[in-house]
Amino acid sequence: MAKPQHCVVIGAGVAGLGAAVRLAEAGVRVTLLERRGQFGGRTHSIDVPQVDDVADNGVHVISGAFTELFDYLEMTGSRDLLTQPDKYARRVMPDGVVDKRTPGKLFVWFPGIGMVERLKMWRAYLRMTRDAIWRKESLDDISTEQWLDRVGLPRITRDTWVDFLIIGALNEKPELASARAFRDLLAIMVTRGRDAQKNGSLLYSSTDFTSLFVTGAEKVLANHGCEIRSKATVRKIVIRDGAVAGVTLTGGEFIDADAVVCAVPPWNVGGLLDDVPERDRLYDVARELVPAPLVSTYLWLDKPLDMPVAIDALVGGEGVIEQVFDRQRMVGYDGSERGLYSYSTMVSAAYDLDSLHTNQEILEVTMDFLRKYYPAARDAELVHGQVVRMKKATYSQRPGSAGIRPAQRTSVRGLALAGDWTQTDFPSTIGGAAQSAERAVGVLLG
Ligand SMILES: Cc1cc2nc3c(=O)[nH]c(=O)nc-3n(C[C@H](O)[C@H](O)[C@H](O)COP(=O)(O)OP(=O)(O)OC[C@H]3O[C@@H](n4cnc5c(N)ncnc54)[C@H](O)[C@@H]3O)c2cc1C
């Protein structure tokens, strides 16, 4: 396909921003349209005027294997805003007791278990590696729990760190998550091991998400004379004679274009693809990829928790894990100067927490939890607390979901799909969103 003259990118999350920047750098005129008043999609910042701070919609952990995300951050001049945790992650038990069997050591050695269990663990790892390399079976019809039962991974290994990995990486419980989604994740971590080593195995943002993901992209797009519009909701992608003709906005405005990247989540595609021949299949897929929630809190306390590292993994709470993030260490919040110390917590696959509790209850549960695990929190007061419920944080990666993700290429000339739900090497993550952008642009630029 010849290079498009004018491409409309729908949606300004990581996928849409990534596609817009790549197209602009390739010399294509781009119009980026976002329905919200703010850019960033599921990675956006939140002003907290009560404590004169800027929080985000939930801390994100970034894998060093997210090569396309690192490319995007390089292009937008934001790569240096990522930091590697000093240690990832402590596994903290009640009363602040630290479990020495931390994930880094577990995969290789796993201190503290008997020889029989250790042999079983190694045999199971070998079976998992075999499944990941040969991919003889789809594994999309069983849960990760069933897969781990089948390969015989001992319960102690799961309780200590494998369940943590599944829930954290897939935002789904082991009994609900597709074995294929987890297997594919393990496979890409191995095949991209070198990238991960180069970039740092796990990283996080040292600033707010607007500064990390949006500000640099806005500059690049402005330098290329591209148009960026917020509060611009696309109603339909208009197709004539099998090719993109433009988009119609909800107010009736028509923008003509010879290419479109549709970078909206599955729950927002309804209506947009009505002119696309394969719309029924795409709408069916979008309906099947049901959302999974994540609940985060941002806390401002009058005393520090005395965390010696940036990130702690705790066992308990509603799910299998809770993560606690020290914002003094992560984003340089000047706690001691302000006399106010800031932390964030996260519960993945938080179905019950989200549906059964008010924000006030969530703050109380979280504070009780911190008091149980951190002796320093016992007499700490919550000065301000913010609950962020992301009911549609990711799509739920249940059995059947991995095999139905749509390709970026469509049957329509000039139309590509992007977003974390399209076919990538990753589960529903920013790494997947960034890779989908690269692939969508590849489709349009031939
Ligand atoms: C709390 C939380 C924690 C997470 N943790 C991690 C993590 O640790 N690591 C990780 O890799 N991933 C994590 N994720 C997942 C990650 O954030 C998402 O996978 C990724 O941001 C999705 O990006 P996207 O561009 O595909 O979609 P989105 O970010 O959803 O962007 C789509 C955009 O399209 C816009 N839009 C929709 N419809 C229209 C329309 N008709 N017209 C115009 N615009 C429209 C939306 O408003 C939105 O801005 C987390 C997500 C959440 C919510």
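The shell around the ligand splits into 17 nonpolar, 11 polar and five charged residues, where Ala, Val, Leu, Ile, Met, Phe, Trp, Tyr, Cys and Pro count as nonpolar, Asp, Glu, Lys and Arg as charged, and the others, Gly among them, as polar. Keep in mind that this is a predicted model: local features need pLDDT of at least 70, side-chain atom pairs count only at pLDDT 80 or more, and totals for chains, interfaces and linings use all residues. Residues are numbered from 1 along each chain as its sequence is written, and side-chain values use heavy atoms, with hydrogens and water left out.

In total, 33 residues surround the ligand, and the closest are Glu 34, Arg 42, His 60, Val 61 and Asp 420 (near means a heavy atom within 4 Å). Now for the polar contacts (N or O atoms within 3.5 Å). A polar backbone atom of Ala 15 sits 2.9 Å from a ligand oxygen, and one of Ile 430 is 3.0 Å from an oxygen atom of the ligand. On the nitrogen side, a backbone N or O atom of Val 234 lies 3.0 Å from a ligand nitrogen. The protein covers 95% of the 1000 Å² of accessible area that the ligand has on its own (Shrake-Rupley method, 1.4 Å probe).

Away from the ligand, let's look at ring pairs. There are five aromatic pairs, counting Phe, Tyr and Trp (its six-membered ring) with centres within 6.5 Å; planes under 30 degrees apart are stacked, over 60 edge-to-face and the rest tilted. Phe 66 and Phe 426 have ring centres 5.1 Å apart and planes at 85°, so they pair edge-to-face. Both are buried (under 20% relative accessible area, 1.4 Å probe, protein chains only).

Methods:
Buried means under 20% relative accessible area, exposed over 50%, partly exposed in between (1.4 Å probe, protein chains only). A polar contact is a pair of N or O atoms within 3.5 Å; within protein, one must be able to donate a hydrogen and the other to accept it, and residues adjacent in sequence count only if both atoms are side-chain atoms.
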